[in-house]
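Please open the model in your viewer and keep the selection tool at hand, for this tour goes from one selection to the next.

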Amino acid sequence: MKIIKFLPLIPAVLLAIISLNWIFMPETAAESLGLIFNDPLEKNTIVRDFTAFFLSTCIFCFLGFFTKSPEWLYASGIIFFIALVFNVVATIFHNASFSADAFIVEVILAIICFLSGRYVNKF
């Protein structure tokens, strides 16, 4: 069961890789999500917001792991939970395409973060 204490490292490392992509290869990162930059302001907004999203959740997971503070892991889990809720909201109310792949990843990351927060001090 001691392996559970390393659970926060799974999203932390994954999110670190995604963050580095957004920092150093934003066009490639955007293309992987099906996004296309049409103008410089749009590019700024997308790069800024996606980098902030992935980098902050990465940092929260690392902070939760190293400090053993569940609040950091819960914060990251809340962000992923909100993302999955608005994945559905965008589909239902704003005529957006449903992103099943993103939804599944968001569910998995939210669950890992919440479970990690729950058990971070147990082992």
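Begin by selecting Thr51 in this predicted model, and look at what surrounds it: leaving out residues up to four places away in sequence, Thr51 touches Trp22, Ile23, Ile46 and Ser56. Thr51 belongs to helix 3, and it counts as buried because its relative accessibility is 13%, under the cut-off of 20%.

Next, select helix 1, residues 9-24, together with helix 3, residues 40-67, which pack at an angle of about 150 degrees with their axes 8 Å apart. That angle makes helix 1 roughly antiparallel to helix 3, since angles over 145 degrees are placed in that class. The crossing of these two helices is left-handed.

Now show the side chains where the two helices meet. On the side of helix 1 the residues include Leu9, Leu15, Trp22 and Ile23, while on the side of helix 3 they include Ile46, Thr51, Phe54 and Phe65. Sorted by class, the contact of helix 1 with helix 3 holds 18 nonpolar residues and three polar ones, with no charged residues.

For the last stop, select Phe103, which is found in helix 5, residues 100-119. Is Phe103 buried or partly exposed? Its relative accessibility is 25%, and therefore Phe103 counts as partly exposed. When neighbours within four places in sequence are set aside, Phe103 is in contact with Leu84, Asn87, Val88 and Phe98. To see how Phe103 lies relative to the end of helix 3, select Thr67 as well: the two residues are 36 residues apart along the chain, and their C-alpha atoms are separated by 29 Å.

Conventions: Residues numbered from 1 in each chain as written. Predicted model: local features only at pLDDT ≥ 70, side-chain atom pairs only at ≥ 80, totals over all residues. Heavy atoms only, no water. Axes fitted to C-alpha atoms, helices over the stretch in contact; angles between N-to-C directions. Helix = DSSP H or I, 4+ residues; strand = E, 2+ residues; numbered from the N terminus. Parallel < 35°, antiparallel > 145°, perpendicular 65-115°, else oblique. Left-handed = near helix turned anticlockwise from the far one by under 90°. Contact = heavy atoms within 4.5 Å. Nonpolar A, V, L, I, M, F, W, Y, C, P; charged D, E, K, R; others polar. Buried < 20%, exposed > 50% of the residue type's maximum accessible area, 1.4 Å probe, protein only.
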